[in-house]
Amino acid sequence: MLLIQCPYCDDALPELEFAYAGEAHIDRPQDPSALSDEEWRDFLFIRSNVKGVHAERWRHINGCGRFFNALRDTVSDRFVTSYKAGEPRPDTSGKEPAQ
Amino acid sequence: MNAPVTSFDAVSVAVLPPVARFNLRIAPADLAVASRIFGLTLPAKIGEGARNGDRAAYCIGPDEWLLHAAEVDQSAIMSGFDTARAETPHSITVLSDREIIIGITGPAAIDLLSTCCPLDLSRMAVGHAKRTVFDYAQVVLIRDGDDAFRLEVWRSFFPHVHGLLEIGVRELAIGL
Ligand SMILES: [Zn+2]
């Protein structure tokens with residue numbers, strides 16, 4: 001079974017306890033009414049769809065309940081790292097994915 | 001409710017008596033206040049538990065605790081927290097009737113739980129508790145001893161979870 005590291009529980013726990021919640025680091029616009037229709041469409045729907053290391057939100061819904069972020073390789077499905085919500089995306093350039 | 005009891009030598013499943021149960025959300029910095037009101041030092045780390053007599057506290061999230069007490073103490077505990085609310089913001093919710101507790105004991109307890117729970121239960125320390133899943137039903141699992149667990153199940157999930165445990169006991173009993 002795929003194990004996911006929860007940065008709040010500080011433990012690697014079964015995937016069944018987690019829910020995927022889309023791409024990470026997409027900030028809600030400060031002033032939505034100032035946006036053009038195209039910019040609002042991009043905020044709502046346009047995602048990077050990375051082939052490789054992807055920053056994404058997860059929720060430990062059947063555990064501590066917290067949302068957090070993780071870097072996962074979308075080709076190998078291997079998790080590189082996970083980090084608490086609000087923290088910047090870690091620089092993992094040149095680092096091998098965690099086993 | 002008729003308390004169904006299922007057992008054979010290696011594992012038994014029993015419905016346990018109800019307790020007063022609370023969900024507490026409070027800033028970790030205010031944990032000492034909650035500990036003083038509840039009369040038990042609340043554990044600070046997710047998964048850990050503390051127990052003294054009929055009071056127990058389990059940390060199940062970064063700012064979330066599951067509290068157990070005797071049913072007769074429920075309203076006194078609530079008014080204790082109510083009094084502190086103006087100074088120390090928090091949320092406390094009574095869940096006493098939401099859950100049913102199932103006790104699972106015996107040398108095959110882990111084998112039985114592992115039929116439907118994805119956790120590696122051999123890594124779970126005695127006295128700890130975790131919110132997890134049991135065949136898609138969210139549960140809280142408490143480990144009381146090497147061979148003793150309690151499963152807290154929402155009332156509406158109980159027939160499903162208890163039914164699966166009964167099947168598991170029968171399968172273990174005939175050596176499957
Ligand atoms: Zn967690």
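**In strand S5 of chain B, B:Tyr58 is the bridge partner of B:Gly49.** This is a predicted model, in which local features need pLDDT of at least 70 and side-chain atom pairs count only at pLDDT 80 or more, whereas totals for chains, interfaces and linings use all residues. Residues are numbered from 1 along each chain as its sequence is written, chains are lettered from A and ligands numbered from 1 in the order in which they are written, and side-chain values use heavy atoms, with hydrogens and water left out. S4(B) and S5(B) are joined in the antiparallel sense over four bridges, where pairing of two strands requires that DSSP find at least two bridges between them. Strands are DSSP runs of E with at least two residues, and helices are runs of H or I with at least four, both numbered from the N terminus. Two residues separate the strands of this hairpin, in which B:Gly53 takes a positive phi near 60°.

**Five strands of chain B make up an open, antiparallel sheet in the order S4-S5-S6-S3-S7.** Strand S4 (49-52) and strand S7 (90-94) of chain B are the edge strands, each pairing on one side only. Neighbouring strands of this sheet are turned against each other by 20° on average, direction ignored, with axes taken as lines fitted to C-alpha atoms (for helices over the stretch in contact) and angles between N-to-C directions running from 0 to 180 degrees. Within the sheet, strand S3 (residues 20-26) and strand S6 (residues 64-69) of chain B form an antiparallel pair over six bridges, and B:Phe22 stands opposite B:Leu67 in S6(B).

**Helix H1 (residues 31-38) of chain B lies across S3, strand S5 (55-61) and S6 of chain B.** The direction of this helix is at about 10° to S6(B). Helix H2 (residues 74-84) of chain B also packs on the sheet, where it touches S3, S5, S6 and S7 of chain B, and its direction makes about 165° with that of S7(B). Contact, here and below, means heavy atoms within 4.5 Å.

**Chain A contains an open sheet of four strands, with antiparallel pairing and the order S3-S4-S5-S6.** Strand S3 (19-23) and strand S6 (79-84) of chain A stand at the edges with a single partner strand each, so one side of each is left without a neighbour in the sheet. From one strand to the next, the twist averages 30°. Strand S4 (residues 53-59) and strand S5 (residues 67-73) of chain A pair in the antiparallel sense over seven bridges, and the bridge partner of A:Trp58 in S5(A) is A:Phe68. The chain as a whole has one helix and six strands, which follow one another from the N terminus as β-β-β-α-β-β-β.

**Chain B is divided into domain 1 (7-16 + 98-173) and domain 2 (20-94).** These bounds come from an automatic or database domain assignment. The C-alpha centres of domain 1 and domain 2 of chain B lie 24 Å apart, and 11 residues of domain 1 are in contact with 11 residues of domain 2.

**The largest pocket has a volume of about 280 Å³.** Of its 16 lining residues, the closest to the pocket centre are A:Asp11, B:Ile46, B:Arg123, B:His128 and B:Lys130. On a 1 Å grid over the protein atoms alone, a pocket is an open set of points with protein on both sides within 12 Å along at least five of seven lines, a cavity is a set where a 1.4 Å probe fits but cannot get out, and lining residues have an atom within 4 Å of a point. Grid points are joined across faces, edges and corners, and a volume is the space filled by probe spheres set on the points. The pocket lining comprises seven nonpolar, two polar and seven charged residues, with Ala, Val, Leu, Ile, Met, Phe, Trp, Tyr, Cys and Pro counted as nonpolar, Asp, Glu, Lys and Arg as charged, and the others, Gly among them, as polar. Domain 1 and domain 2 of chain B each contribute at least three residues to this lining.

**The largest cavity has a volume of about 70 Å³.** Among its 13 lining residues, A:Cys9, A:Gly63, B:Ile46, B:Lys130 and B:Arg131 lie nearest the cavity centre. S5 and strand S9 (129-134) of chain B each supply at least two residues of the lining, and the largest share, three residues, comes from S9(B). By class, this lining has seven nonpolar, three polar and three charged residues.
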